[in-house]
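Please consult the sequence and the structure shown below.

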Amino acid sequence: MAKPDSISKLTYWGALGLLTLAFLFFVAFNIYKEYKRYQLNSAQLKQTIINERKEVLAANLREMIALVHFQESLLEDYLKNQLKDEVNIVERIFFNIYYSLKDSLPEDKIKEVLLNSIRNVEFSEGRGYFFITMADTSGIVLANPGFPYIENKSMWNYQDVYGKYIQREFFDIATRFGEGFVEYYWYLPGNDKIPFKKISYIKLFKPFNWIIGSGDYVEFLRQRMKERFARTISKTETADSKVNVIIFDYLDNDRCISREEVCEKYSYLKNHLREGFLKLNQTLFYIHKCPTWKIYIVSAYSLNDIEKEIQGPLRQLKAVMIKDILFSTAVGLGFYMFMFAVTNRFLQRIKEQELEVKDKEYSILRESRKLFRQYYKDPITGLPNRNKFNVDIRDKKSASVGLFNIDRFREINDVFGYDFGDYVLKTVGKFIKKEAKSVNPKLKVYRISGDEFVIADLSGILPGYSFRSLVEKIVDKLNTMIIKDQNNAVNINVSAGVAIREENPLRKADIALAEAKKNTDRPVVVYDSRLTRIDEYRENMAWVEKIRSALTEDRIVPYFQPIVSNETGKVVKYEVLARLIDSDGKVYTPHYFLGIAKRYKIYPEISRRIIKKSVEVIKEKKVHLSINLSLSDILNIEMRNYILRVLREPEVGNRITFEILEDESIEGSYDVLEFISSAKMYGAHISIDDFGRGYSNFSYLTKLKIDSIKIDGTLIRNINNDRAYRAVVEAIVTFAKELGIKTTAEFVESQEILETVKEIGIDCSQGFYIGKPSPEILNKS
């Protein structure tokens with residue numbers, strides 16, 4: 001769809017084009033007969049001169065082409081020498097710094113100095129930079145100014161577009177030879193269609209077992225050589241020369257790279273580039289396409305001197321032509337004035353519409369930002385909430401957490417009312433935050449649920465005994481505190497569970513809290529693995545046996561929940577939901593068994609069983625089913641091949657939609673992109689599930705080429721309760737329509753929510769109000 005500014009420019013230039021065509025028509029009509037006589041009288045003389053000039057032009061181009069091939073033969077050697085010189089300079093600088101500091105600074109400080117010394121170093125017109133990785137199988141990137149987001153990450157499994165493991169080859173060359181060149185292929189910045197060759201030179205820095213390297217695209221150097229070649233050729237030309245040389249780069253949309261005045265003079269030639277001789281605008285051209293550099297080399301010769309020799313017989317015709325041109329110009333000027341006025345008015349109207357659209361976009365953005373602020377902040381205490389805690393701890397391998405719980409808080413609400421209950425929460429949250437910050441300002445405080453607060457040491461600031469002492473101190477003070485306002489007063493009891501430098505610290509602190517609530521003599525309990533290890537193992541083994549028994553006895557079954565069109569009210573497809581039927585007939589949702597199945601590697605068989613039974617239903621009922629896939633399903637080669645075999649069966653592929661959970665990791669996964677491409681070849685549809693929950697990046701939707709998105713149920717459930725939630729949903733729907741992507745609302749649980757999603761323009765709805773999951777497809781219409 002064209003943008004408003006594109007429409008206005010198209011209209012403007014269209015009007016000028018019509019004016020020019022009218023002008024040319026009048027001129028051509030008046031001079032047609034005389035021009036024919038002119039052609040007959042001058043044709044023979046012109047042809048003789050033209051044949052001579054053709055030979056001169058061809059000879060001139062042959063010399064230039066030979067020069068191009070010679071320079072191309074030196075291209076890669078020149079780039080390798082340049083990279084090697086740059087890396088050797090950095091190596092010498094590193095050794096100088098290392099030997100000057102090794103006796104005065106610890107090794108970590110020297111490493112920091114060395115890494116910082118190259119971060120702002122640039123060469124090759126700002127493209128060139130140095131990178132440093134570990135010379136071991138970890139593949140950790142220590143410094144990469146060009147792509148800082150990969151620093152401190154492993155690139156051991158990173159491949160170029162043809163599957164070469166780049167970091168592994170760096171490691172192989174560095175450890176075997178100490179230095180060398182690595183060639184691989186990747187896309188140029190801004191061009192993701194054609195891969196180009198890239199050469200890197202790497203060298204082993206032995207003091208720290210580092211790999212120092214730098215690389216550049218051969219194409220960039222080739223481009224500079226092309227432009228230097230064009231400028232060199234231009235310097236040989238003179239202002240009064242009858243022969244000009246013009247260079248066009250057909251890799252860059254036929255851009256002229258000769259001197260500016262030459263490019264401007266022959267700008268009309270861009271639309272006529274083809275190999276051979278061409279006569280245009282009283283100029284003879286010889287055009288040669290040079291694939292080596294992806295350029296057209298053009299020699300141009302002006303034919304105006306031929307015209308001078310035959311001016312006498314054509315003077316009368318020229319007089320007539322001038323008269324007609326003047327007349328046509330006057331008529332054309334009238335058209336031009338008219339079209340200019342119309343175009344300006346049209347552009348003004350388009351500009352007004354653009355301003356209206358921008359105002360709406362700003363309003364949506366403002367509401368979205370407000371919602372996301374609320375998403376991470378507890379509205380009662382003003383403290384960060386559970387969502388913020390999950391984000392803060394996501395990348396932490398371990399942390400210390402103190403989990404506080406106000407005992408029998410519900411009784412406070414029941415006896416004193418919710419207003420006083422909120423006052424108690426604010427007072428407790430403020431007190432915990434004050435005590436934590438007085439010990440160390442970097443400690444984090446959260447309210448994660450109704451009557452539970454958290455102190456988190458995410459960076460290992462405090463020793464374990466100090467963190468435990470802080471929690472015990474806070475509990476002791478709270479248990480002796482009387483909280484009162486003008487009308488009420490209450491003495492609260494608080495219990496706490498502590499997990500010190502543990503993985504999954506909140507879960508373990510919760511286990512310790514449960515133990516503290518059991519024992520009134522110990523209001524604070526520190527997590528010990530003995531609290532849960534035996535019970536947890538027994539429970540896990542019981543579920544493993546239950547899952548395996550269900551698989552053996554064919555009690556893993558699909559349930560089907562209808563998805564309806566908001567326009568017609570009819571069922572368009574069903575989402576497939578896995579269920580485990582226990583031996584006593586009790587039905588379990590995936591919440592109970594899927595995590596255990598993944599941990600004990602039973603999950604692939606469950607996925608295979610659900611897909612197989614879903615395909616049987618498709619064949620029998622001729623319905624469209626939507627099947628959930630996890631990232632692990634796609635990354636499992638056997639499962640991926642099984643799914644593709646299923647899609648090849650007749651009348652199956654075009655009746656399946658795969659719902660992939662929204663996850664930041666799917667964007668850069670080559671396996672995901674390959675699977676989506678293969679599945680769509682067999683007619684399958686691709687949908688992103690729970691869109692809007694967290695990552696929500698529209699840029700990767702176009703890259704994945706998905707067909708639909710399912711908007712997260714949290715947003716839909718609150719769409720009538722909070723204007724900010726509605727604004728986010730409206731923004732998602734607007735952008736989805738722009739991209740041609742269908743939308744589905746989850747958790748439609750009432751008539752009011754259904755009416756709202758219809759009003760917003762969401763295509764389909766799903767939820768308990770529409771229909772509950774059922775083991776049978778009851779109504780496909």
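In which sense do β19 and strand β20 pair, and over how many bridges? The pairing of β19 with strand β20 (residues 587–588) is antiparallel and comprises 2 bridges.

## Basis of the model

This is a predicted model, in which local features need pLDDT of at least 70, side-chain atom pairs count only at pLDDT 80 or more, and totals for chains, interfaces and linings use all residues. Residues are numbered from 1 along each chain as its sequence is written, and side-chain values use heavy atoms, with hydrogens and water left out.

Strands are DSSP runs of E with at least two residues, numbered from the N terminus; two strands pair if DSSP finds at least two bridges between them.

Strand β18 (residues 556–565) runs antiparallel to β19, joined by 9 bridges, and Phe 560 stands opposite Val 576 in β19. With strand β21 (residues 625–629), β19 pairs in the parallel sense over 3 bridges; here Glu 575 stands opposite Ser 626. In β20, Val 587 is the bridge partner of Ile 581.

## Hairpins

The hairpin of β18 and β19 has 5 residues between the strands, and Gly 569 takes a positive phi near 80 degrees there. The hairpin of β19 and β20 also has 5 residues between the strands. In that hairpin, Gly 585 takes a positive phi near 90 degrees.

Key. Helix = DSSP H or I, 4+ residues; strand = E, 2+ residues; numbered from the N terminus.
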